[in-house]
Amino acid sequence: MTSASAAAMWDTGTIMFVALLLLFIWRFFFPFAFLTERIQQANYTFVLYALLLFLFIYNSVIFVSTALEQDGKAGWSGLPKWLHPLTLSTTGTYFVTLLMCFVQSGQHLLLVRSGVAAKHHDQVLQVIALPAVYGGMAYSSMTRLYQFHVKSYVDTPSLMQLPQSQQENIAISRSETCFFVGDMFESWTLYHFGKMTLDVVEASIQRQRQSSELDQQAEARGMLTSHGAVWAMVWASVMMFLLVSFTETGWSLYLLNFASVNSTEEFDNSLTVFTGAGFVASGVALWNIAVVERTFHKNLEGYSPLLKFVTVKILVSFAYFQKGCFYILQALQHTLPQEGQKLAKSVPFFGQIMDMDDAHFELFYSTLMVSECFLVSGLHLIAWQASEDWYEKALIIDETSRLMPEKSDDKA
């Protein structure tokens, strides 16, 4: 891929990876208070959504201009009929997703600035942003794969000079790298969700510890000990998932931009160990968080843990398990006898998916993920409302703190 490195260098996956690293540094060292009041108002949450909006506009211009070309219009004939409207709808679907996430984030951000349970509202902001980030990466993936399908590269015309096999390698590698960036943010979100859930549990135990009944106090002390052990277990598994996702994303970007990789198979083989480790790490992390839900269920009263767990775990499941199921179906289809393969191909929808080549499947999968991120963002509106009373209850005794410094009297 070295001949196309310049074209791939500033692809949206690379831009998003670098931006997320910078925003992490900003958030870690300067949370909501950085240099000037103007920058305080334009904190990292707004910067993230501004970047997502910019990438959306960039990809939309590429997709729409490509679709309106003569080759773009003719290219639909090579796709299943049901994939045509699904692909065309992604632009509007992702825009609505981005808008819902931004509006909901604004509600929580107002409470962060007021200092009302700022820590937990800040953690919820990470969760709410997940469909916007993951959907944005899926939309970018779809755009690149559609360009390859119609053989039209508006932003990188130099790719037309490469052999078709190399064009396909670059398109699929770009697609996979975008999803790796989404997986990395997903692991970051899972970490905050686990930490926030255990904070809610700890606050409940601390309140029980202040009970006037001695048996309640004794039970609370024992639960605090088990809480510490469970947190260590959750922290280790989620951090492993985060590190694996970060390493996988960084390595894939290195292969895409700097290394000499001659085929998609070679690219995938270089990432096999990370893919397997990510599958295991994500499964263990989800299992440990599910253990928290079952073990401390009574301490999560008012937290609506089931719906919150579903909204967080559903995208992790989509990322690592849903795609695997499609691959299994494709593998099974190839093992069937000839008559069985004909019968399988005749099954509506699934038969066409099983018969897709790699590029067409990745195009279908990216459009599917955009739609699923839209559904998750809708669930977030129900599951992560800013007005829930558990935010105040979750405050550990004497731990109320502001992430935004109060204005001094001189500035009032």
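Which residues lie nearest the centre of the second largest pocket? Of the 18 residues that line this pocket, L20, L21, F24, F185 and W188 lie nearest its centre.

The structure is a predicted model, in which local features need pLDDT of at least 70 and side-chain atom pairs count only at pLDDT 80 or more, while totals for chains, interfaces and linings use all residues. Residues are numbered from 1 along each chain as its sequence is written, and side-chain values use heavy atoms, with hydrogens and water left out.

**The two pockets**

A pocket is an open set of points on a 1 Å grid over the protein atoms alone, with protein on both sides within 12 Å along at least five of seven lines, and its lining residues have an atom within 4 Å of a point. The volume is the space filled by 1.4 Å probe spheres set on the points.

| Pocket | Volume | Lining residues |
|---|---|---|
| Largest pocket | about 620 Å³ | 23 residues |
| Second largest pocket | about 410 Å³ | 18 residues |

In the largest pocket, E176, F180, T275, K323 and Y327 lie nearest the centre. Its lining draws at least two residues from each of α9 (164-209), α11 (264-270), α12 (272-295), α13 (305-335) and α16 (358-383), and α13 supplies the largest share, six residues. Helices here are DSSP runs (H or I) of at least four residues, numbered from the N terminus. This lining divides into 11 nonpolar, five polar and seven charged residues, where Asp, Glu, Lys and Arg count as charged, Ala, Val, Leu, Ile, Met, Phe, Trp, Tyr, Cys and Pro as nonpolar, and the others, Gly among them, as polar.

The lining of the second largest pocket divides into 15 nonpolar, two polar and one charged residue. Two or more of its residues come from each of α2, α4 (44-68), α8 (118-150), α9 and α10 (214-257), and α2 gives the most, with five residues.

**Helix α2**

Helix α2 (residues 12-29) has 18 residues and reaches 26 Å from its first C-alpha to its last, close to the 26 Å expected at 1.5 Å a residue, the expected span being 1.5 Å times one less than the number of residues.

**Cysteines**

With a disulfide taken as a pair of cysteine sulfur atoms within 2.5 Å, the count comes to zero. The sulfur of C373 is 8.5 Å from the closest cysteine sulfur, in C101, which is too far for a bond. C373 counts as buried at 1% relative accessibility, and C178 is also buried, with a relative accessible area of 0%.

Technical notes: Buried means under 20% relative accessible area, exposed over 50%, partly exposed in between (1.4 Å probe, protein chains only).
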